[in-house]
Amino acid sequence: LNYIDVPVIFRHKLHMNIRRKPMDRLEIEGGVSFDRLISYSYTDGTNYPRVVNPNTLNSTTGSLLAGLNFNLTPHLYFTLRYSNSFIPALKRNSVPAAFYRYAYNSGNNQVVLFAVKYVFGLPKELRQKNADNAAPPTDTPSPQ
């Protein structure tokens, strides 16, 4: 199943002290995701495509997600995120039980994501710090 995924994520930076040193490199995140089915296919164990009845699939799903970000540098992040749909990908009443009998969570979309992110530009905190440290312009009188 191929979905276009549009997440709405809220992040919160964690401020803590570890061995009496301030550490603010961790962020927690949570939110929802709305997904739209764009294509689908099914291949059985013999690698031959099978016909999928489109009436057995939900074309729109929704998911809840939670994650953790670790900020290694101001530009480099590592992310671990888990997502599980509250609207299943497979319609419960229309799919034979044998199709998803052995699947965990009976047809929900589940995602475990590990990502490495690089952020271009300066973060807001560093831009403000650089602006605060800039020398104020000096007004020197011009010779007359």
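Two strands are said to pair if DSSP finds at least two bridges between them. In this predicted model, local features need pLDDT of at least 70 and side-chain atom pairs count only at pLDDT 80 or more, whereas totals for chains, interfaces and linings use all residues. Residues are numbered from 1 along each chain as its sequence is written, and side-chain values use heavy atoms, with hydrogens and water left out. The protein chain contains two helices and seven strands; helices (H or I, at least four residues) and strands (E, at least two) are DSSP runs, numbered from the N terminus.

**Overall architecture and confidence**

- Along the sequence, the elements of the protein chain follow the pattern β-β-β-β-β-β-α-β-α.
- Of the 144 residues in the protein chain, 26% are buried; buried means under 20% relative accessible area, exposed over 50%, and partly exposed in between (1.4 Å probe, protein chains only).
- Among the contacts (heavy atoms within 4.5 Å) in the protein chain with a separation of 6 or more, 61% link residues 24 or more positions apart.
- The protein chain has a mean pLDDT of 79, and 69% of its residues reach 70 or more; pLDDT is the predictor's confidence in each residue, from 0 to 100.

**Strands E1 and E2**

- Strand E1 (residues 2-18) pairs with E2 in the antiparallel sense, over 16 bridges.
- Within this pairing, phenylalanine 34 in E2 stands opposite valine 6.
- The hairpin of E1 and E2 has two residues between the strands, and in this hairpin arginine 19 takes a positive phi near 55 degrees.
- Arginine 20 is placed in the loop between E1 and E2, and its phi is near 65 degrees, a positive value in a residue other than glycine.
- Arginine 20 counts as exposed, at 82% relative accessibility.

- E5 and E6 pair in the antiparallel sense over nine bridges, and a hairpin joins E5 to E6 through four residues.
- Leucine 68 has leucine 80 in E6 as its bridge partner.
- E6 is also joined to strand E7 (residues 110-118) by nine bridges, and E6 and E7 run antiparallel.
- Phenylalanine 78 has valine 116 in E7 as its bridge partner.

**Salt bridges**

- Two salt bridges are found in a search of the whole structure; a salt bridge is a side-chain nitrogen of Lys or Arg within 4 Å of a carboxyl oxygen of Asp or Glu.
- In general, side chains of opposite charge can pair when their charged atoms come close.
- Glutamate 27 is buried, with a relative accessible area of 8%, whereas arginine 11 is partly exposed, with a relative accessible area of 48%.
- A salt bridge also links the side chains of arginine 81 and glutamate 29 (2.7 Å, N to O).
- Arginine 81 lies in strand E6 (residues 76-85) and glutamate 29 in strand E2, so the pair ties together parts that are 52 residues apart in sequence.
- Arginine 81 is buried, with a relative accessible area of 17%, and glutamate 29 counts as buried at 6% relative accessibility.

**Aspartate 24**

- Aspartate 24 is placed in strand E2 (residues 21-39) and is partly exposed, with a relative accessible area of 38%.
- Not counting residues up to four places away in sequence, aspartate 24 touches Lys13, Leu14 and His15.
- A distance of 8.4 Å separates the C-alpha atoms of aspartate 24 and asparagine 71, which are 47 residues apart along the chain.

**Surface**

- The accessible surface of the protein chain comes to about 11,100 Å², of which 59% belongs to carbon and sulfur atoms; accessible areas come from the Shrake-Rupley method with a 1.4 Å probe, and for residues only the protein chains shown count as cover.
- A nonpolar patch on the surface is formed by Val8, Phe10, Phe34, Leu64, Phe86 and Ile87, with about 590 Å² of accessible area together.
- Patches are made of residues with over 30% relative accessible area and no salt bridge, with like charges joined within 9 Å and nonpolar side chains (Val, Leu, Ile, Met, Phe, Trp, Tyr) within 5 Å.
- Valine 8 is placed in strand E1 and is partly exposed, with a relative accessible area of 37%.
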